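Subject: The structure I promised you

Hi,

Here is the structure we talked about, with some notes on what turned up. Have it open while you read.

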Amino acid sequence: MTSKRGLVLAGGGLAGIAWETGILRGIEDESPDTARALLESDVVIGTSAGSAVAAQLGSGRSLDELYERQLSGTTNEISPSVDIDDIAELFLTALSDPEATTAQKLQRIGEVALSTATVPESVRRDVIAQRLPSHEWPERDLRITAIDIATGELVAFDRTFGVELVDAVAASCAVPGAWPPVTIGERRYMDGGVGSTMNLKLADDCGAVVVLVPSGKGAPSPFGPDPAVEVDGFPGRSLGVFADDDALAAFGPNPLDPACREPSARAGRAQGRRVAAEIAEFLARD
């Protein structure tokens, strides 16, 4: 088994960005060495919200600075014209044919994403650009996920792909029905979390992974097992950190609402302090 260690950052809207940042900041409160070990993981995989956090971590900014950004009352984030229930309806429509393959279902979601009126791509790209402290790919193994809407295939962008970091993150965060698919070359891409919120299979070259998941255990997953089962099924050693009850309450009814950022970050920091020892023990077994 490989000795590589991975940090996997799952999707979960603006609440997820804030919570994951808070978790890492809380771990740093209790155990700076543990936080440093996570940040220095050999592989970092980001899906949707997790892609934004992964890119922010690669910017060289401190966890304290990234955390404070989540508490700021001033933000360039915008609210979508739909809420999470509307997006769930979109999924139900795409999943209504029991004979369709997963790829076909993802293609159908992509078709709806293309046909749904949202903000222009350029407006959404500006939001992502301002979300990221650095627009340069870090010199590390950073993998950003997205779904090709024409094929339904999962794509993992990295610094060798020839894609700008802002575009990769924008594609990974392009929630169908809320935000426009992202054009990269001649392809269109949507949220990397549509098929799996964490895409843990992309960490198959790692012997151990820590997974931050801004949802509760048993959360619904339309294309596979719930996130806890996916974490438990990882072939190497795995530790999943799921949002606790306080964090889920802080997320509120719509994790895409910018107003959830501050409470989600604070709940994440508190939870990070509580799980720091468990993560330190897990990493010590490497």
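Let's begin with a cysteine: Cys 260 has a relative accessibility of 4%, so it counts as buried. One thing to keep in mind as you look around is that this is a predicted model.

Could Cys 260 have a bonding partner, and how far off is the closest cysteine sulfur? That sulfur belongs to Cys 173 and sits 13 Å away, which is too far for a bond. A disulfide needs the two sulfur atoms within 2.5 Å. The count for the structure as a whole is zero disulfides. Another cysteine to click on is Cys 206, which is buried too, with a relative accessible area of 1%.

Now the bigger picture. The chain has 11 helices and eight strands. Its radius of gyration is 17 Å, close to the 19 Å that the globule rule gives for 286 residues, so the chain is as compact as a globular protein of that length. Of the 286 residues, 55% count as buried. Take the contacts with a separation of 6 or more: 79% of them are between residues 24 or more positions apart.

Next, zoom in on Val 211, which you'll find in strand 7 (residues 208-213). Is Val 211 buried or exposed? With 0% relative accessibility, it counts as buried. Which residues does Val 211 touch, once you skip its neighbours within four places in sequence? Among them are Val 8, Met 198, Leu 200, Val 231 and Leu 239.

Then have a look at helix 8 (residues 165-172). Eight of its eight residues are buried, so the helix is largely enclosed by the rest of the structure. The buried residues include Leu 165, Val 166 and Val 169, and also Asp 167 and Ser 172.

The accessible surface of the chain is about 11900 Å², and carbon and sulfur atoms make up 48% of that. There are 25 positive and 43 negative side chains, with the centres of the two sets 4 Å apart.

Key:
Residues numbered from 1 in each chain as written. Predicted model: local features only at pLDDT ≥ 70, side-chain atom pairs only at ≥ 80, totals over all residues. Heavy atoms only, no water. Helix = DSSP H or I, 4+ residues; strand = E, 2+ residues; numbered from the N terminus. Rg over C-alpha atoms; globule rule 2.2 N^0.38 Å. Buried < 20%, exposed > 50% of the residue type's maximum accessible area, 1.4 Å probe, protein only. Contact = heavy atoms within 4.5 Å. Areas by Shrake-Rupley, 256 points an atom, 1.4 Å probe, with all protein chains shown as cover. Lys, Arg positive; Asp, Glu negative; His and termini not counted. Charge placed at Lys NZ, Arg CZ, Asp CG, Glu CD.
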